[in-house]
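Me: I have a structure to go through with you. Can we talk about its charged contacts and its surface?

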Amino acid sequence: MASNSARARSLYRSLLRELPQRPLSAPSLVQQRIRNTIATQPQNTAQLEMDQAEQYVHYAKAQRMYTTLLEKYNPGMEMNEEERELDTG
């Protein structure tokens, strides 16, 4: 049981790290939902839901890395046509 609660806390913190930063005094609805879900899990579904949460954490990290690399290697991606012409001309 202690192992499951430690894993749940770890997953909760990992999920919060991947969400946009907000003050602790005003958590978002997503943060509240995650906290309530983790806090009220029945024991029989806890393992499955923790495995799914771990997959969400991996997905969010991969998306963050993808966005970082896309911005790094495609700096003109968000420029409009005029800005691109001025930049390359």
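Reply: One definition to begin with: buried means under 20% relative accessible area, exposed over 50%, and partly exposed in between (1.4 Å probe, protein chains only). By that scale R7 is partly exposed, with a relative accessible area of 22%.

Me: Before we go on, what sort of model is it?

Reply: This is a predicted model, in which local features need pLDDT of at least 70 and side-chain atom pairs count only at pLDDT 80 or more, while totals for chains, interfaces and linings use all residues. Residues are numbered from 1 along each chain as its sequence is written, and side-chain values use heavy atoms, with hydrogens and water left out.

Me: How many salt bridges?

Reply: The count comes to 3 salt bridges, a salt bridge being a side-chain nitrogen of Lys or Arg within 4 Å of a carboxyl oxygen of Asp or Glu.

Me: What does D51 pair with?

Reply: D51 meets R7 in a salt bridge, 2.8 Å from N to O. D51 lies in helix α3 (residues 43-73) and R7 in helix α1 (residues 2-18), so the pair links distant parts of the chain, 44 residues apart. Helices here are DSSP runs (H or I, at least four residues), numbered from the N terminus.

Me: And which residue forms a salt bridge with R7 at 2.6 Å?

Reply: That is E54, with 2.6 Å between the closest N and O atoms. This pair also joins helix α1 to helix α3, with R7 and E54 47 residues apart.

Me: What about E18?

Reply: The side chain of E18 forms a salt bridge with R64, at 2.9 Å from N to O. R64 is in helix α3 and E18 in helix α1, 46 residues apart. R64 is partly exposed at 48% relative accessibility, whereas E18 is buried at 18%.

Me: Which residues are joined into one network?

Reply: R7, D51 and E54, through salt bridges that share partners.

Me: Changing topic. Which residues make the nonpolar surface patch?

Reply: M65, L69 and Y73 make a patch of about 330 Å². Patches take residues with over 30% relative accessible area and no salt bridge, joining like charges within 9 Å and nonpolar side chains (Val, Leu, Ile, Met, Phe, Trp, Tyr) within 5 Å. Accessible areas come from the Shrake-Rupley method with a 1.4 Å probe; for residues, only the protein chains shown count as cover.

Me: Where is Y73?

Reply: Y73 is in helix α3, and counts as exposed at 56% relative accessibility.

How values were computed: Helices (H or I, at least four residues) and strands (E, at least two) are DSSP runs, numbered from the N terminus.
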